[in-house]
Amino acid sequence: LTTRVSKTGALNKRYSSYNSIFDLIRGELFGQGVKVEPGNRIIIEGVSTFLGSTDPLFVVDGIITNSIDYIQPDMVKSIEVLKGASASVYGSRGTNGVILISLISATDR
């Protein structure tokens with residue numbers, strides 16, 4: 001995981017001003033190849049599709065998950081967006097890019 005497309009800052013207090021994780025991604029990663037479309041669908045630009053899907057792989061604190069709807073913006077420590085060779089670590093699941101989210105732990109507060 002040597003290359004990242006973008007990363008938000010750790011423990012950023014302004015995250016609490018966002019209404020949802022999708023608003024946070026839209027606001028913090030704007031202009032960096034990440035789009036949040038209507039219906040909270042995330043697309044990482046510049047990646048090929050796998051089996052017709054354009055959904056990225058979500059990895060939250062090292063665990064692959066299907067949804068990030070439950071994440072509150074003020075819980076987020078950092079977000080990294082991987083594509084290309086960086087995302088290939090996740091095999092075919094990373095074909096559409098990978099969004100790595102680290103959450104604030106109790107010791108970070």
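The buried residues of helix α1 pack against strands β2 (34-37), β3 (41-44) and β6. The model is predicted.

Visitor: Which residues of helix α1 (residues 21-28) are buried?

Guide: I21, F22, L24, I25 and E28 are buried. Buried means under 20% relative accessible area, so each of these five names falls below that cut-off.

Visitor: Why are the buried residues of α1 said to line one face of the helix?

Guide: Seen down the axis of α1, the buried residues fall within an arc of 160 degrees, so they line one face. An α-helix has 3.6 residues a turn, so residues three or four places apart point the same way.

Visitor: What makes strand β6 (residues 76-82) mostly covered?

Guide: Six of the seven residues of β6 are buried. The cut-off is under 20% relative accessible area, so β6 counts as mostly covered.

Visitor: How do you know that β6 and strand β7 (residues 98-103) pair?

Guide: Pairing needs at least two bridges between the strands. β6 and β7 have six bridges, in the antiparallel sense, so they pair. Within this arrangement, E80 stands opposite L100 in β7.

Visitor: Which residues have the most contacts inside the largest nonpolar core?

Guide: They are I25, I42, I68, V76, I79 and I101, in a core of 20 residues. Two or more residues each come from α1, β2, β3, β4 (57-60), β6 and β7. Helix α1 gives the most, with four residues.

Visitor: What is I42 in contact with, leaving aside its neighbours within four places in sequence?

Guide: The partners of I42 are F22, I25, V34, K35, V36, T54, D55, P56, F58, I68 and I99. Contact means heavy atoms within 4.5 Å, so I42 has heavy atoms within that distance of each of these residues.

Visitor: Which residues are among those of the other core?

Guide: L57, V59, A87 and V98 are among its seven residues, and this core lies apart from the largest one.

Visitor: How many helices and strands does the chain have, and what pattern does the chain follow?

Guide: There is one helix and there are seven strands, and along the sequence the pattern is β-α-β-β-β-β-β-β. Of the 109 residues in the chain, 38% are buried.

Terms used
Residues numbered from 1 in each chain as written. Predicted model: local features only at pLDDT ≥ 70, side-chain atom pairs only at ≥ 80, totals over all residues. Heavy atoms only, no water. Buried < 20%, exposed > 50% of the residue type's maximum accessible area, 1.4 Å probe, protein only. Arc of directions from axis to C-beta. Core = buried A, V, L, I, M, F, W, Y, C linked by side-chain atoms within 4.5 Å.
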